[in-house]
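Grab a pencil and work through these exercises one at a time. Try each task yourself before you read the solution below it.

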Amino acid sequence: MKLRQLAHTRTGDKGNRSTLTVIAYDAKDFARLETQLTAERVRTHYHGIVLGRVERFALPQLGALQFVLYEALAGGVTRSLALDAHGKTLSSHLLNIDIQ
Amino acid sequence: MKQSSIRIGAGAGYAGDRIAPALELARHGQLDWLVFECLAERTIALAQLERRQQADKGFDPLLAERMRAVLPTCLAQGTRILSNMGAANPLQAGREVLRVAHELGLSGVKVAVVQGDDVLERLLTDGLDLPLIDSDAPLSSLQDRLISANAYLGADALLPALQTDAQVILCGRVADPALFLAPLMHHFGWAANDWPQLGQGILIGHLLECAGQITGGYFADPGFKDVPNLARLGFPMAEVQADGSAVITKVAGSGGCVTVATCTEQLLYEIENPARYLQPDVVADFSQVRLTPDGPDRVRATGASGQPRPDTLKVTVGYHDGYIGEGQMGYAGPGCVARGQLALQLVRQRIQDAGLGQLEARYELIGVNSLLPQALATTEPNEVRLRVAVRTLTRQQAQLVANEVEALYTNGPAAGGGATKAVREVVAAAAVLVPRDWVQLQMTVLG
C-alpha cells in the first residue's frame with residue numbers, strides 16, 4: 001500500500017535543507033515505517049530533487065520520523081528560482097511511496 | 001508578578017497573516033498575552049531597504065491595521081501585546097501604535113520598544129572575516145552587497161520591557177519562540193539558566209509561533225485529514241502552568257481543530273535534530289516530548305528539556321543577489337504539452353541568442369514538472385503553464401527574459417494565453433555567528 005494510507009507528512013525549510021516529517025496515523029504502524037522508511041530509501045524517492053544526503057531522527061513516542069534533506073531547495077528560499085522555493089509541496093510526494 | 005497560570009495567544013504566524021482570527025482570539029480567549037510573529041528570514045532586509053527610502057517606514061505594513069483591530073479589546077481586558085512587527089524600525093513602529101491609539105480615542109497607552117538586534121555597523125567594523133554558515137566564504141565576500149544584519153535576540157532581551165507597565169511591546173529580530181518564552185519567564189520567574197524549564201517554554205513558543213498551522217491550517221487533505229470549518233480557522237492559545245506544563249487549544253466555536261496530529265506536525269515543523277533545537281536562550285530538546293489529548297480541541301504538551309544556551313548569537317545578513325526575470329504562459333486542450341515544450345525551446349533559443357544562455361535558469365511546464373521531476377508525471381494534463389525564470393545580473397536582462405515569454409503571444413506556438421511576467425530584485429539571506437556582547441540592547445518606553 002501507499003504511505004498515504006498509513007501516515008501524514010509535512011515539510012519545512014531551513015536554508016538549503018528541507019525538513020520532512022512523517023507521522024503514523026496509528027501508533028501500531030510506526031515500527032514498520034521505521035523499518036522501511038530508511039534515510040537511503042527516502043533519498044532515492046527524491047532522486048533529482050535532493051542532491052545531498054538525508055539524515056533521519058526517530059521519535060517513537062510521537063509515532064514520527066524526522067528527515068533532513070540536504071541540498072534540496074535550489075539554494076534556499078531567499079534565492080531559489082523554483083516555483084515552490086520553500087519546498088512546501090515536497091511532503092506530498094512521499095505519500096506515494098510503497099509500504100509493505 | 002507571579003501567577004499560577006497564564007494564557008498566551010498567537011495572533012499571526014507570518015507578516016501577511018489573517019487578522020479576523022486574531023481579533024476573535026483577543027475577544028474570547030481571556031488572554032494575558034497576544035503575540036504576533038511577523039518577521040520571516042529576509043523580511044527585515046526588505047524593511048531595511050524601505051527605511052532607507054523613507055525614514056518613517058521599515059516596520060510591518062499591517063501594524064496599524066492589526067492594532068486598530070485588537071487594541072481596544074486588549075486594553076479593555078488587560079491583555080498585553082508583544083510583537084516583532086517593529087522589523088527594521090521598532091521605534092517608529094512604537095510611534096505608529098500611539099498614533100493608532102490616539103486615532104481610536106484610547107488614552108494611557110504605553111509602548112515599550114526593544115532595539116539592539118541591528119548589528120550591521122559592528123559587523124562591518126569587526127566581523128568581515130566571520131565565516132558564513134553553510135558556506136566556505138567569509139562575510140567579506142558579500143561586503144559590497146550587504147543590506148542588513150540582525151541578531152536573533154532571546155527572551156532575556158525582552159524581559160526589561162515586560163517589566164514596564166507598557167501594554168504593547170515591540171521589537172525587531174527576536175527568535176520566534178522567544179516571543180512566547182519571554183512572558184512565561186516574566187510571569188513565572190523562571191531563571192535564565194534553568195535549561196529544562198526554558199526548553200519547555202521554547203516548546204510552547206514553537207507550537208504557537210505559526211498561529212493557524214497548529215489549529216488545522218496547512219493540514220487538510222480531504223478524505224484523509226479533514227478539518228472542520230477551515231474557512232473560519234481559529235488561532236491557537238496555550239494555557240500554561242507555572243511548571244511549564246501546557247495545553248494548546250483555541251476559542252470554542254472557532255473553525256479548525258487542535259488534535260495530537262496537528263500538534264505533531266507543528267512540533268517537528270522546520271526542526272532538524274529534535275534533541276538540539278538551537279535558540280538564543282537555550283538549546284531545546286524536543287526528543288522526549290509527549291502530546292496527549294485533554295478533551296475536545298485540547299492537547300497537552302509536556303516533556304521538553306534543554307541544555308545550556310549557545311555562546312554565540314545567530315545573525316541573519318540580508319544582501320543584494322541580482323535579479324530574477326520570470327514569465328508564464330498557458331496552453332490547453334489536445335497537444336498542450338507539445339505546444340508548451342515547443343514554446344520552452346523557442347524562449348530558450350531566444351534567450352541564448354540574446355547572450356544570456358549561461359545564466360542559471362528554469363524552463364518548465366506547470367502541471368508537468370515545475371514542482372516534481374518530469375519522470376513522475378504519469379498522465380497528460382489538459383492544461384499546462386509554461387514557466388521560465390532566469391537569474392540575471394541586471395534589471396534590463398531580467399526584463400528581457402520576462403518579455404521573451406510574453407512575446408510568445410505573436411511569436412510562439414498556437415493558442416497560448418494568460419501571459420504574466422515579473423521582474424524582481426533578489427534580496428537573499430545568509431548567516432554568521434557573533435559574540436553575544438556585540439548586541440547593545442536599548443529599551444524605550446513611549447506614551
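**Exercise 1: where the two chains touch**

Work out how many residues each chain brings to the contact, and which strands of chain A take part.

Step 1. Chain A gives 28 residues to the contact and chain B gives 34, where two residues are in contact if their C-beta atoms, placed from the backbone, lie within 7 Å.

Step 2. On the side of chain A that touches chain B, at least two residues each come from β1 (7-14), β2 (17-24), β3 (54-59) and β4 (64-69) of chain A. Helices and strands here are DSSP runs numbered from the N terminus (H or I, at least four residues, for helices; E, at least two, for strands).

Step 3. β1(A) supplies the largest share of that side, five residues.

Step 4. Sorted by class, the side of chain A that touches chain B has 10 nonpolar, 12 polar and six charged residues. Ala, Val, Leu, Ile, Met, Phe, Trp, Tyr, Cys and Pro count as nonpolar, Asp, Glu, Lys and Arg as charged, and the others, Gly among them, as polar.

Before you go on, some ground rules. This is a predicted model, in which local features need pLDDT of at least 70 and side-chain atom pairs count only at pLDDT 80 or more, while totals for chains, interfaces and linings use all residues. Residues are numbered from 1 along each chain as its sequence is written, and chains are lettered from A and ligands numbered from 1 in the order in which they are written.

**Exercise 2: chain A as a whole**

Describe the build of chain A, from its elements to its dimensions.

Step 1. Count the elements: chain A has three helices and four strands. Read from the N terminus, their order is β-β-α-α-β-β-α.

Step 2. Look at the dimensions: the C-alpha trace of chain A spans about 40 × 25 × 20 Å along its principal axes.

Step 3. Check the radius of gyration, taken over C-alpha atoms, against the globule rule (2.2 Å times the number of residues to the power 0.38). A compact globule of 100 residues would come out near 13 Å, and chain A agrees, with 13 Å.

Step 4. Of the 100 residues in chain A, 46% count as buried. Buried means that 20 or more other C-beta atoms lie within 10 Å of a residue's own, exposed means 12 or fewer, and partly exposed is in between, with C-beta atoms placed from the backbone.

**Exercise 3: one glycine**

Decide whether Gly87(A) is buried or exposed, and find what it touches.

Step 1. Gly87(A) sits in the loop between β4 and α3 (90-94) of chain A.

Step 2. Gly87(A) counts as buried because it has 27 C-beta neighbours inside 10 Å.

Step 3. Skip the neighbours within four places in sequence, and Gly87(A) is in contact with Thr11(A), Asp13(A), Ser18(A), Ala72(A) and Leu73(A).

**Exercise 4: two helices in chain B**

Find how α1(B) and α3(B) are oriented, and which residues meet.

Step 1. Helix α1 (residues 20-28) and helix α3 (residues 63-77) of chain B pack at an angle of about 5°, with their axes 9 Å apart. Axes are lines fitted to C-alpha atoms, for helices over the stretch in contact, and angles run from 0 to 180 degrees between N-to-C directions.

Step 2. α1(B) and α3(B) are therefore roughly parallel; the cut-offs are under 35 degrees for roughly parallel, over 145 for roughly antiparallel, 65 to 115 for roughly perpendicular, and the rest oblique.

Step 3. Ala22(B), Leu23(B), Ala26(B) and Arg27(B) of α1(B) meet Arg66(B), Ala69(B), Val70(B), Thr73(B) and Cys74(B) of α3(B). The contact has six nonpolar, one polar and two charged residues.
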